[in-house]
Amino acid sequence: MAFSISKIFGNKSSQSKTNDGVEAIIRDVENQPYGVAEHNVLFAGLNELGGYYFFQTVIVGQLNVKCKTGATLTFSGENFELQLDSDMPEFESDRSSIKGRNITKIDFQVEESDVKKLENATLNSVLIIVKNHKLLFEKVVIENTTDEEE
């Protein structure tokens, strides 16, 4: 999974917005959202590098944090729960060119034995806890409102 930083940070035509909701974030970012919370959108995916697995997350929205103690991510679903720890204890949010929007990138370690379980699970929500922030992301359903070219 690859993220386009320019797509996540927004384009110049959207810089004048001051009321930044999850709908605006989803509309501005071309990547498919993994989940939505009240004021944040989660973009995420499972990756492998050199035999090590990690779950890469990018949170776009109002979350603004500077952390030195790491974060936890908990997947919850039908007969399934898995908790992961961030691979680095230190990370911080970056400001976007859009007022009130931040980008927070956190990678979480995944054991190889949990990869298949995660891929086959039916997930309902993802909880990310970082410092005093508890962000509960629910599954998102995006309706395609654009007309397809024929």
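Predicted model: local features only at pLDDT ≥ 70, side-chain atom pairs only at ≥ 80, totals over all residues.
Which residues does Asp-85 touch, not counting residues up to four places away in sequence? The legends below take up this question after an overview of the chain.

View 1. Residues are numbered from 1 along each chain as its sequence is written, and side-chain values use heavy atoms, with hydrogens and water left out. The secondary structure comes to 3 helices and 11 strands, where helices (H or I, at least four residues) and strands (E, at least two) are DSSP runs numbered from the N terminus. Read along the sequence, these elements follow the pattern α-α-β-β-β-β-β-β-β-β-β-α-β-β. Of the 150 residues of the chain, 43% count as buried; buried means under 20% relative accessible area, exposed over 50%, and partly exposed in between, with a 1.4 Å probe and protein chains only. The accessible surface of the chain comes to about 9,300 Å², of which 44% belongs to carbon and sulfur atoms, the areas being computed by the Shrake-Rupley method with a 1.4 Å probe and, for residues, with only the protein chains shown counting as cover.

**View 2. Asp-85 and the residues that it touches.** Asp-85 is found in strand β6 and, at 46% relative accessibility, counts as partly exposed. Leaving out residues up to four places away in sequence, Asp-85 touches Ala-71, Thr-72, Phe-108 and Gln-109, where contact means heavy atoms within 4.5 Å. For the chain as a whole, among contacts between residues at least 6 apart in sequence, 57% join residues at least 24 apart.

View 3. The structure holds 2 aromatic pairs; rings of Phe, Tyr and Trp (its six-membered ring) pair if their centres lie within 6.5 Å, and planes under 30 degrees apart count as stacked, over 60 as edge-to-face and the rest as tilted. Tyr-34 and Phe-55 form an edge-to-face pair, with 5.5 Å from centre to centre and 70° between the planes. Because Tyr-34 lies in the loop between α2 (22-28) and β1 (35-36) and Phe-55 in strand β3 (residues 52-61), this pair ties together parts that are 21 residues apart in sequence. Tyr-34 is partly exposed at 27% relative accessibility, whereas Phe-55 is buried at 2%. Phe-55 also forms an edge-to-face pair with Phe-75, with 5.0 Å from centre to centre and 85° between the planes. Since Phe-55 lies in strand β3 and Phe-75 in strand β5 (residues 71-77), this pair ties together parts that are 20 residues apart in sequence.

**View 4. The largest nonpolar core.** A nonpolar core is a set of buried Ala, Val, Leu, Ile, Met, Phe, Trp, Tyr and Cys residues joined through side-chain atoms within 4.5 Å. The largest one has 26 residues, and those with the most contacts inside it are Phe-55 and Phe-75. Elements that each supply at least two residues of this core include β2 (40-49), β9 (102-110) and α3 (112-120), while β10 gives the most to this core, with 4 residues. Apart from this core lies another, of 8 residues, among them Val-29, Val-58, Val-60 and Ile-103.

View 5. The strands β10 and β11 run antiparallel and are joined by 6 bridges; two strands pair if DSSP finds at least two bridges between them. Val-126 stands opposite Phe-137 in β11. Lys-131 is found in the loop between β10 (123-130) and β11 (133-138), and it has a positive phi of about 55° although it is not a glycine. With a relative accessible area of 52%, Lys-131 is exposed.

**View 6. Asn-79 in the loop between β5 and β6.** Asn-79 is found in the loop between β5 and β6 (80-85). Although Asn-79 is not a glycine, it has a positive phi of about 55°, and it is exposed, with a relative accessible area of 86%.
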